[in-house]
Amino acid sequence: MFTKGKLPAQFSNNLSGAGTVTFESDFQAVRLDVGDTNGDTATHTSNLYHPYTPGSSVLALISTRCEDTGVTGLSRKWGLFDAYNGFFFSLDDTTLNINHRWTYGGTTGTNPIAQSNWNEDTLDGSGDAGNPSGFNLNASRNNTYWVDYQEIGGGIIRYGVLANGERVVCHTMNMSNGGATGTFLHNAVANPNLPICWATTCTSASPGYSGTKSLFAYGAGVWSEGKGLTDIMDEGEIAAFDDDWNVDANYPPRTQGAHYLFSLRPSAQIRDEEGNFADNHTLYLPKSLTVDAYDENGNDVRGELRIFSRCILKSENFNSVTYTNVEMDEYAYHVGHGPEIYKLPINGIGEIDFTRVFSNSVQNSTLKVNSEASTSTRTQSITQVIGADNPYGTGTCVTIKVGENPTLFTNTHFFNDYGSITIAGLSNSGPANLNGNTYVLSIQDSDEAQLYLNSTDLDDDRKPRVLNITYDSPEYALNIGDTLTIAGAGTCVVDKVSGTQVRVSSRTNAALDVGLTGAAGTNDASPQSSFTVDSVVEATNTTSSSSILYAWPKDHKTVLNAVTSSGWGSPVDEGTGTTNIGTIQGTPAASTAWTFMWAPRVSPTGSTVHTVRVNLQWKERIQ
């Protein structure tokens, strides 16, 4: 039900051209609009793929109204479907259709059947033998449409409407033994687990209308009929993740009082038995978590395990977790918290029983991949553009400040670090140079980011450099956090030292790179120290802690390749950070990650290292 909003955390939108999806508070409805340009598209698709229980049937009721009874060059669809499979109604040009869509062997087929050919009731108000109900279906009025279907063994697909309080069948498809010979030999669809979807598209370069046209979504309900005592999520497979992390309890955490451990998220795609990848619509239900926290002497330590959803992370490196359909990252730079799911005080061993937190509700208790994982389009406002910002003291570049997150309703980033976005709506002569261009985001903090023309430039800034040096006599120690000044190559900050190798970040000059040789260097912390940079190498992709060349953590304070306001003219700034002045549009993250963090407390043993071992179990209903 869209009583308070369009449920942005539960629905995805595919928007093209002038397509928009907005909430109509006066009518508790979602309005999908498209313009009169060919290809304008707006969709509203539930992230939940409603589970099909083998041997039962599924019933879906969808409340919908079209702005009119049909115009040429416009297609509007509503039902249980996605781009590959499903059952739905459509108003295509001026013809009302029911549709069956399926995908097999990589080929998608859609079979539309016009209202005049419906085999149970044409719903045309004629009252003749083809319209036994006498009901006249007017698509420009708010109607409740329904579909029910069976899957295994072919089964029956029925389409209908609610008329005078009764379910009226308008068309039946027999997909099994009772059907016409040779019409269909397999199950009705390749995936019977389907989302609710409303969609509208301008299909002509010269449609029979001008301006915008609307489709209204009022709500929907889906039931698995006749499933008895079957619990949908308890029928899922058990899966688990187990690993440990070492935390220096005396080293300051990067953000807000806790050390980043790892993040988990559903994989956007999963493989079948033959190795083919397909979109992942699996439902994940957390069950339990155990924690074991101890020091280097094996003594129990105190702390808090904190679990967040939708944290703001930089430089994630997600990899598949063996024997599961999830991915894990342990190298991200944590920028800001999202909503906190759970906080567990630990004194050695602790446990969370998630069954007390999450019910078996597939709607609100399960984690899932967004329905439009690769095509979803969302918009977030820009409240400020700073043309010559110096965000880290390493150089000037363009910084944007974002407005309200469309799912969290706070001024925090909606799009991920490295996300590709397009900018629109800026007015000042300088910032307007960003309009219409696509950039890669480099997250700075909870609501600010820098812009890059491509991910290659961002990767280059993020990759740490390693200086091979020769100390002048006498030799002075270089310490983590020291600022080095390199003749002709600016400054940098020490991240790690191993003999004559120094890993650095926060470079202020592009000359401090591969190819630099024979450059004199000094340490600002002890000006009397000096050294010579013999050569510079880039960090490699190894993650071994024994090598100073490891690729993580990344360099997050170098902005040498970021977009600048050079050549903009005046003014170079726009906005105050409080009022919307433009927008960024792009594809959000395919799935929401859970982030796990450790907040040490004072330990009576005086330990310096906390080892935190986590075991998490959940149910996966693979779809």
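The model is predicted: local features need pLDDT of at least 70, side-chain atom pairs count only at pLDDT 80 or more, and totals for chains, interfaces and linings use all residues. Residues are numbered from 1 along each chain as its sequence is written, and side-chain values use heavy atoms, with hydrogens and water left out.

**Stop 1: strand β5**

Select residues 41-46. This is strand β5, and 6 of its 6 residues are buried. Buried means under 20% relative accessible area, exposed over 50%, and partly exposed in between (1.4 Å probe, protein chains only). Strands (E, at least two residues) and helices (H or I, at least four) are DSSP runs, numbered from the N terminus.

Colour the two faces separately. T41, T43 and T45 lie on one side, and A42, H44 and S46 on the other. Both faces are covered.

Two strands count as paired if DSSP finds at least two bridges between them. Strands of a sheet pair through backbone hydrogen bonds, either parallel or antiparallel.

- Select 11-12, strand β1: it pairs with β5 in the antiparallel sense over 2 bridges. S12 has T45 as its bridge partner in β5.
- Select 15-16, strand β2: it also pairs antiparallel with β5, over 2 bridges. Here L15 has A42 as its bridge partner in β5.
- Select 196-202, strand β14: 5 bridges join it to β5, and the two run antiparallel. The bridge partner of A42 in β14 is T200.

**Stop 2: N14**

Centre on N14, in the loop between β1 and β2. Is N14 buried or exposed? N14 is buried, with a relative accessible area of 18%.

Show its contacts (heavy atoms within 4.5 Å). Leaving out residues up to four places away in sequence, N14 touches T41, A42 and T43, along with E372, T375, S376 and T377.

**Stop 3: D33**

Move to D33 in strand β4, residues 29-34. D33 is buried, at a relative accessible area of 7%.

Which residues does D33 touch, not counting those up to four places away in sequence? They are A18, G19, T20, A42, K213 and S214.

Draw the side chains of D33 and S214. They make a polar contact at 2.5 Å. Such a contact is a pair of N or O atoms within 3.5 Å; within protein, one must be able to donate a hydrogen and the other to accept it, and residues adjacent in sequence count only if both atoms are side-chain atoms.

Then bring back T200. D33 and T200 are 167 residues apart in sequence, but their C-alpha atoms are 7.5 Å apart in space.

**Stop 4: an open sheet of 6 strands**

Trace the order β23-β24-β17-β40-β21-β26, with antiparallel pairing. The edge strands are β23 (319-320) and β26 (340-347), and each pairs on one side only.

Zoom in on β17 (259-266) and β24 (326-329). These two pair antiparallel over 4 bridges. P266 has V326 as its bridge partner in β24.

**Stop 5: salt bridges**

Side chains of opposite charge can pair when their charged atoms come close. A salt bridge here is a side-chain nitrogen of Lys or Arg within 4 Å of a carboxyl oxygen of Asp or Glu. The whole structure holds 19 of these salt bridges.

Select E304 and R601. Their side chains meet in a salt bridge, 3.0 Å from N to O. E304 lies in strand β21 (302-309) and R601 in the loop between β40 (594-600) and β41 (609-621), so the pair ties together parts that are 297 residues apart in sequence. E304 is buried at 16% relative accessibility, whereas R601 is partly exposed at 35%.

Next, select E340 and R306. This salt bridge spans 2.9 Å, N to O. The pair links E340 in strand β26 with R306 in strand β21, 34 residues apart. E340 is partly exposed at 35% relative accessibility, while R306 is buried at 13%.

Finish at K463 and E538. The closest N and O atoms of this salt bridge are 3.3 Å apart. K463 is in the loop between α1 (455-462) and β33 (465-471), and E538 is in strand β38 (526-538), 75 residues away. K463 is partly exposed at 26%, and E538 is partly exposed at 28%.
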